[in-house]
Amino acid sequence: MDPSEARSIADAELERGLRSIAAARSTDELEAARTAALGRKSRLSEVQKALGSFSPDERRELGKRVNEVFAELRRAYDARRMELELASSARLLQGDAVDV
């Protein structure tokens, strides 16, 4: 993997990860999206592992980009998880409502 390919993969994985996180309709789907985007076997992790083979300047630049992508995906995951949990809580409360 060369630096150009690594940069392209990081950008593509950000877009793909954000789409799959946003599309998750349950916490199980969200967890699968998180694992695919951020897991040890994800394409982004492969880029991170390849950083050691690049020059120090490329490593610094790409390492920063990979960290930004990881952080953005984690923020999107956390936000979507909160949305799903709030929606689930609202459904439970609505189901437990008693008409008086």
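This briefing walks through salt bridges in the structure above. The model is predicted, so local features need pLDDT of at least 70 and side-chain atom pairs count only at pLDDT 80 or more, while totals for chains, interfaces and linings use all residues. Residues are numbered from 1 along each chain as its sequence is written, and side-chain values use heavy atoms, with hydrogens and water left out.

**The overall picture**
- The structure holds nine salt bridges, each being a side-chain nitrogen of Lys or Arg within 4 Å of a carboxyl oxygen of Asp or Glu.
- Asp11, Arg65 and Glu68 are joined in a network of salt bridges.

**A pair in helix α1**
- Arg16 and Glu13 form a salt bridge through their side chains, at 2.7 Å from N to O.
- These two sit three residues apart in helix α1 (residues 3-23), or about one helical turn; helices (H or I, at least four residues) are DSSP runs, numbered from the N terminus.
- Glu13 is buried at 7% relative accessible area, whereas Arg16 is partly exposed at 31%; buried means under 20%, exposed over 50%, and partly exposed in between (1.4 Å probe, protein chains only).

**A pair in helix α3**
- The side chains of Glu46 and Arg43 make a salt bridge of 3.9 Å, N to O.
- Both residues belong to helix α3 (residues 43-50), three residues apart.
- Glu46 is partly exposed at 37%, and Arg43 is partly exposed at 39%.

**A pair in helix α4**
- Arg80 meets Glu83 in a side-chain salt bridge (2.8 Å, N to O).
- In helix α4 (residues 56-96), Arg80 and Glu83 are about one turn apart.
- Arg80 is buried at 16%, while Glu83 is partly exposed at 45%.
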